[in-house]
Amino acid sequence: MSVGEVVASVLVLLGAALSLLAGIGLVHLPDVFGRMHAATKPATLGLVLICVGAAVSTGDVPDVAKLALVVALQFLTAPVGAHMVGRAAYHAGGLLSPGTVLDELAAEREGGGVER
Amino acid sequence: MTVVTVLAMAMISVGALLSTYRLVVGPSLADRVVATDMLLTLLTGGAGVLAFRTGEGVYLVVMVVTAVLGFLGTSMVARFIEGRGA
């Protein structure tokens, strides 16, 4: 194996390991917000690692451009999507784990001053 | 190369199994949305591993499509939850 193949293999393995960790977190963590915290790791970092691994492995310019497009799309959309789900889940109410220590929006929500 | 592909695919598959568990068990709609979004992300990652293994460009198009689809689905159901409640 050449140096490039070794580097690509390590990157792909790291990205896949993040996917496994996120799956464990998705099952283990107590509420939606914790699960979201676990699930958004492979959505950005894991996918970037796999894409860079594939880019190092192929090295073909059009392929690398497509992989860069995937990474750019994911970086633009993953935080927005997670934010929308988190906001909707918080406004729906009753989804915070009983072990939650700090809810900074609670006063605002009970005062009825939440703008949608 | 083969060992790396098998290992990576195994880890992605276990991750997908675990998020399928969360998708089935729930309990809230928001949990299911998070699990579905993660399944699509893992699909994108799996296509990336296949692209790494075979060097074929077809998988890259699949990756672009799943990346866009994931965002569309998630934001749509998030709007639905805002209107209806989880």
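The crossing of α1(A) and α1(B) is left-handed, a term used if the near helix is turned anticlockwise from the far one by less than a right angle. The model is predicted, so that local features need pLDDT of at least 70 and side-chain atom pairs count only at pLDDT 80 or more, whereas totals for chains, interfaces and linings use all residues. Residues are numbered from 1 along each chain as its sequence is written, and chains are lettered from A in the order in which they are written.

The two helices pack at an angle of about 20 degrees, with axes 8 Å apart, which makes α1(A) roughly parallel to α1(B) (angles under 35 degrees). Residues in contact, meaning that their C-beta atoms, placed from the backbone, lie within 7 Å, include Leu13(A) and Leu20(A) of α1(A) and Leu7(B) and Met11(B) of α1(B).

Across the chains, 45 residues of chain A are in contact with 43 residues of chain B.

| Region | Nonpolar | Polar | Charged |
|---|---|---|---|
| Contact of α1(A) with α1(B) | 17 residues | five residues | one residue |

Ser97(A), in the loop between α3 and α4 (106-110) of chain A, counts as exposed because it has 12 C-beta neighbours inside 10 Å (12 or fewer being the cut-off). Ser97(A) touches Pro30(A), Asp31(A) and Gly34(A), not counting residues up to four places away in sequence.

Key: Two residues are in contact if their C-beta atoms, placed from the backbone, lie within 7 Å. Axes are lines fitted to C-alpha atoms, for helices over the stretch in contact, and angles run from 0 to 180 degrees between N-to-C directions. Helices (H or I, at least four residues) and strands (E, at least two) are DSSP runs, numbered from the N terminus. Angles under 35 degrees count as roughly parallel, over 145 as roughly antiparallel, 65 to 115 as roughly perpendicular and the rest as oblique. Ala, Val, Leu, Ile, Met, Phe, Trp, Tyr, Cys and Pro count as nonpolar, Asp, Glu, Lys and Arg as charged, and the others, Gly among them, as polar. A residue is buried if 20 or more other C-beta atoms lie within 10 Å of its own, exposed if 12 or fewer, and partly exposed in between; C-beta atoms are placed from the backbone.
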